[in-house]
Amino acid sequence: MQGRVVAAHGRQYGVELPDGRRLSCFPRGKKSEVACGDDVDIQQTAADQGVIEAIRPRRSLLYRSNEVRQKLIAANVDLLIVVVATEPAFSDELVTRALVAGESAGIEILIVLNKCDLSDRLPAARDRLAVFAGLGYRILELCARDHAEDLRPALLGRVSVLVGQSGMGKSTLINALVPEARAATREISLALDSGKHTTTHASLYRLDAASALIDSPGLQEFGLGHLGRAEIEMAFPEFRPLLGQCRFRDCRHDREPDCALTAALAAGRIDPRRFAAYGRIVGRSVD
């Protein structure tokens, strides 16, 4: 049997079958590499249970990692939606790290600025996002409580995933766009017995036959330990035209002479905050 993973909690997964039924499934073996959004082959073991036998080929995989472990966020995603808000303050570096993950996975990116009804906080938030807008990233401003529908055109015909820090309003967006989300979440939580662990729960909601939206847990960090230096460099759009122009092939873009990146930084063509974030991502100290 084939199905799609629509809920992921630890090693237990909700799998939706083509006829609409849902099974609670476990993977074979101790190690699980299943993500929400995966298409899987399963063996049904009871009326409402099954075993995941295999993961079908993915077109994309978004995940984060550190020195200890990796955390799969979503598979087969076409659009990464990074949700920030006018309040509370968002982390520029977490946004940068999410963008790097999306770029390296070949996923289209959209930044959503939520809570734009807080007009006194809006100019400061726009100013902080200006560097991303200047790099060509699309930014959609809205108020999830009143204008979540502004996001729907970007979702049609694709699988999208929402990521962001806690408090940015992802749940409000989900509940506005998918009215049955609360009921679906309760149903999945009961099936997976995960009511106490909603912060580790990723869920997929269908918008129509060709569109789906994945909600992911709120993030406070976004490790990129699975990416090498070259992959990270390529994930910075402003770096790409300069790569290969340094004097030394193995330039670390730190204190080497005739470095194309540090020259562009000095000339104001690379934002200092972005360059500092790059340094922290690749694990070197930043002056």
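Figure 1. At 42% relative accessibility, Arg273 counts as partly exposed, and it belongs to a model that is predicted. Take a look at its partner: Arg273 forms a salt bridge with Asp92, and the closest N and O atoms are 3.5 Å apart. Arg273 sits in helix H9 and Asp92 in helix H1 (residues 92-104), so this pair links distant parts of the chain, 181 residues apart.

Figure 2. Five aromatic pairs are found in the structure. Phe236 and Phe239 make a stacked pair, because their ring centres are 4.7 Å apart and their planes meet at 15°. Phe236 is buried, at 0% relative accessibility, and Phe239 is buried too, with a relative accessible area of 0%. Another pair joins Phe275 and Tyr278, and this one is tilted, with 6.0 Å centre to centre and 40° between the planes. Both Phe275 and Tyr278 lie in helix H9 (residues 272-282), three residues apart, which is about one turn of the helix. Phe275 has a relative accessible area of 9% and is buried; Tyr278 is likewise buried, at 0%. Ring pairs link Phe236, Phe239, Phe275 and Tyr278 into a cluster.

**Figure 3. Asp38 and its salt bridge with Arg58.** Here we move to the loop between strand E3 (22-27) and strand E4 (39-46), where Asp38 is found. Asp38 counts as buried, because its relative accessibility is 0%, under the 20% cut-off. The side chains of Arg58 and Asp38 meet in a salt bridge, at 2.7 Å from N to O. Arg58 lies in the loop between strand E5 (49-55) and E6 and Asp38 in the loop between E3 and E4, so the pair ties together parts that are 20 residues apart in sequence. Arg58 itself counts as partly exposed, at 30% relative accessibility. Not counting residues up to four places away in sequence, the residues that Asp38 touches include Gly3, Val5, Ile55 and Asn76.

**Figure 4. Arg56 and Asp41, another of the salt bridges.** A search of the whole structure finds 25 salt bridges, and here is one of them: Arg56 with Asp41, the closest N and O atoms being 2.8 Å apart. Arg56 lies in the loop between E5 and E6 and Asp41 in strand E4, so this pair ties together parts that are 15 residues apart in sequence. Both side chains belong to partly exposed residues: Arg56 is at 33% relative accessibility, and Asp41 is at 23%.

Figure 5. Arg64 lies in strand E6 (residues 61-65). Leaving aside neighbours within four places in sequence, Arg64 is in contact with several residues, among them Gln70, Lys71, Leu219, Phe222 and His226.

Technical notes:
Residues are numbered from 1 along each chain as its sequence is written. This is a predicted model: local features need pLDDT of at least 70, side-chain atom pairs count only at pLDDT 80 or more; totals for chains, interfaces and linings use all residues. Side-chain values use heavy atoms; hydrogens and water are left out. Rings of Phe, Tyr and Trp (its six-membered ring) pair if their centres lie within 6.5 Å; planes under 30 degrees apart count as stacked, over 60 as edge-to-face and the rest as tilted. Buried means under 20% relative accessible area, exposed over 50%, partly exposed in between (1.4 Å probe, protein chains only). Helices (H or I, at least four residues) and strands (E, at least two) are DSSP runs, numbered from the N terminus. Contact means heavy atoms within 4.5 Å. A salt bridge is a side-chain nitrogen of Lys or Arg within 4 Å of a carboxyl oxygen of Asp or Glu.
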